[in-house]
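Thanks for coming, everyone. I'll keep this short. Please look at the screen while I talk.

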Amino acid sequence: MTWIFVAIAVAVLLGLAIVMLYNRLVRLRNRVDNAWSQVDVQLRRRYDLIPNLVETVKGYASHERATFEEVTNARTRAQQAGSVQEQAQAENVLTAAIGRLFAVAEAYPELRASENFQQLQAQLADTEDKIRVARQVYNDTVLSYENARETVPTNLVASMFSFEEKPFFEIEEPVREAPRVQF
């Protein structure tokens, strides 16, 4: 008779452990989704700034049509990206296109002196910093989720309830070289 109570107690404890591990995985998965939402907010802010920036530069460099179209097309592709990997690839293309837009702006000193252009450039730089922070938070959250999903005993619960792998959001950072100093 006592072995029945022991078996019931073990089954209850095992059930409680599974529920606790399941709930932990759900919380972590929700944190990943929330962190991605924060990245998405910053990316949308960036997308909203880009048309204003393009229009400002267009006023000074109207013959640079190909560059403007490239930025606009890259922005559209980034907005339509579906997965985290597609988003990262689209962001790489968009960042390169924005870099070319700024290269065009460098050729026009009166544009660089424009208060509107300076404000847009500052807002874009601020947004880029916020994207970096949001991306770091997202990747840290994914790391916590993946560590929980892949370690024992949580991995058993994760596989039982089909908790899927979450991808990291990796964007190619611009290469920064140290300036060369010659005497």
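H1 and H2 are roughly antiparallel to each other, since their packing angle is about 175° and angles over 145 degrees count as roughly antiparallel, under 35 as roughly parallel, 65 to 115 as roughly perpendicular and the rest as oblique. Before I go on, a word on the model: it is predicted, local features need pLDDT of at least 70, side-chain atom pairs count only at pLDDT 80 or more, and totals for chains, interfaces and linings use all residues. Residues are numbered from 1 along each chain as its sequence is written, and side-chain values use heavy atoms, with hydrogens and water left out.

Back to the helices. Helices here are DSSP runs (H or I, at least four residues), numbered from the N terminus. Two packed helices are described by the angle between their axes and the distance between the axes. Axes are lines fitted to C-alpha atoms, for helices over the stretch in contact, and angles run from 0 to 180 degrees between N-to-C directions.

For H1 and H2, the axes are 10 Å apart. Who touches whom? On H1, the contact uses Tyr47, Ile50, Pro51, Val54, Val57 and Lys58. On H2, Phe68, Val71, Arg75, Ala78 and Gln79 take part. Contact means heavy atoms within 4.5 Å. By class, that is eight nonpolar, one polar and two charged residues. Ala, Val, Leu, Ile, Met, Phe, Trp, Tyr, Cys and Pro count as nonpolar, Asp, Glu, Lys and Arg as charged, and the others, Gly among them, as polar.

Next pair. Helix H2 covers residues 65-80, and packs on H3 at about 160°, with axes 8 Å apart. H2 and H3 are therefore roughly antiparallel. The crossing is left-handed: the near helix is turned anticlockwise from the far one by less than a right angle, whereas clockwise would be right-handed. From H2, the contact includes Thr67, Phe68 and Glu70. From H3, it includes Ala90, Leu94 and Arg100. The tally for H2 with H3 is eleven nonpolar, two polar and five charged residues.

Stay on Arg100, in helix H3. Which residues does Arg100 touch, leaving out those up to four places away in sequence? Thr67 and Glu70. Arg100 and Thr67 are 33 residues apart in sequence, yet 7.0 Å apart in space, C-alpha to C-alpha. Arg100 is partly exposed, at 38% relative accessible area. Buried means under 20%, exposed over 50%, partly exposed in between (1.4 Å probe, protein chains only).

Third pair. H1 (residues 2-60) and H3 (residues 84-106) pack at about 25°, axes 12 Å apart. So H1 and H3 are roughly parallel. H1 also passes H3 in a left-handed crossing.

Now Arg149, in helix H5 (residues 115-150). Buried or exposed? Arg149 counts as buried, at 17% relative accessibility. Its side chain reaches the backbone oxygen of Phe163 at 3.5 Å. Among the residues Arg149 touches are Leu25, Asn155 and Glu164.

Last, two backbone details. Most residues other than glycine have a negative phi, and most peptide bonds are trans. Here, a cis peptide bond joins Val152 and Pro153, with omega about 5°. Pro153 sits in the loop between H5 and helix H6 (154-160). Ser162, in the segment after H6, has a positive phi near 55°. Ser162 counts as exposed, at 56% relative accessibility.

Terms used: Helices (H or I, at least four residues) and strands (E, at least two) are DSSP runs, numbered from the N terminus. A polar contact is a pair of N or O atoms within 3.5 Å; within protein, one must be able to donate a hydrogen and the other to accept it, and residues adjacent in sequence count only if both atoms are side-chain atoms.
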